[in-house]
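Subject: Structure for you, with notes

Hello,

Here is the structure I promised to send over.

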Amino acid sequence: DKENAKLKSELALYNKMQLELEELKKENERLRGLLNLRDTYEITGVSGRVIGRTTDAWNQTVTLDVGSSSGVETGLTVLGPTGVVGQVISVDGGSCRVRLLTDPQSGAAAMVQSSRAEGIVRGSMDGLLYLENIGADVNVRVGDVVLTSGLGGSYTRGLIIGTVVRVEGSAGSDTRKIVVAPNDTVSLMEEA
């Protein structure tokens, strides 16, 4: 019986260590993604962790554990491991609030990588991103990559926003809806 209890205890410890190792591997992958993104775009910045988030559709924000004491300022672009997540909207000494791209109040000047057509990506109540103000004559296809255009100065030019996943209607239609899947989601984002 003692031997059985000892083996169960060792197995529980082993399982706990396996879970911790898996979590460390995932964190390592996220951090490598951030480093690759920084190298690709020659970005300087600080890294932070998500310490809070809103859940209502009207106000999609996260709180990060970095603030003005780390050099964070209002208006800075926030990147996750694979692309743009949002923008800093308020800062205090040790934390900042970030409005996510999917927030209905959010908007980013954008361009379709293949055609260089420019428009605006807006968040929505349903949590989707919509590419708007694209010329009616521009052909947009599922799979097209959408980048920040840098117009208006709100986001650095050339950062990945996401990929077109649905086009309702065709070129020439005023009612065409273009849905963009964000390249990064908050569920994946723990470091930013």
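First, the ground rules. This is a predicted model, so local features need pLDDT of at least 70 and side-chain atom pairs count only at pLDDT 80 or more, while totals for chains, interfaces and linings use all residues. Residues are numbered from 1 along each chain as its sequence is written, and side-chain values use heavy atoms, with hydrogens and water left out.

**Overall fold**

The chain has 1 helix and 11 strands. Both are DSSP runs, numbered from the N terminus (helices: H or I, at least four residues; strands: E, at least two). The chain has 192 residues, and 36% of them count as buried. Buried means under 20% relative accessible area, exposed over 50%, and partly exposed in between (1.4 Å probe, protein chains only).

Now contacts (heavy atoms within 4.5 Å). Take those between residues at least 6 apart in sequence: 50% join residues at least 24 apart.

**Salt bridges**

Side chains of opposite charge can pair when their charged atoms come close. The rule here is a side-chain nitrogen of Lys or Arg within 4 Å of a carboxyl oxygen of Asp or Glu. The count is 4 salt bridges. Three of them, one by one:

- Asp-103 pairs with Arg-99, with 3.3 Å between the closest N and O atoms. Asp-103 is buried at 0% relative accessible area. Arg-99 is buried too, at 18%.
- Glu-132 pairs with Arg-122 at 3.0 Å, N to O. Glu-132 sits in strand S8 (residues 129-132) and Arg-122 in strand S7 (residues 118-122), so this pair ties together parts 10 residues apart in sequence. Glu-132 is partly exposed at 31%. Arg-122 is partly exposed at 33%.
- Arg-166 pairs with Glu-168 at 2.8 Å, N to O. Arg-166 is partly exposed at 37%. Glu-168 is partly exposed at 35%.

**Thr-61**

Which strand holds Thr-61? Thr-61 lies in S2 (residues 61-64). Thr-61 is buried, at 2% relative accessible area. Leaving out residues up to four places away in sequence, its contacts include Arg-99 and Asp-103, along with Ile-89, Val-98 and Leu-100. Arg-99 and Asp-103 are also the partners in the 3.3 Å salt bridge.

Best wishes
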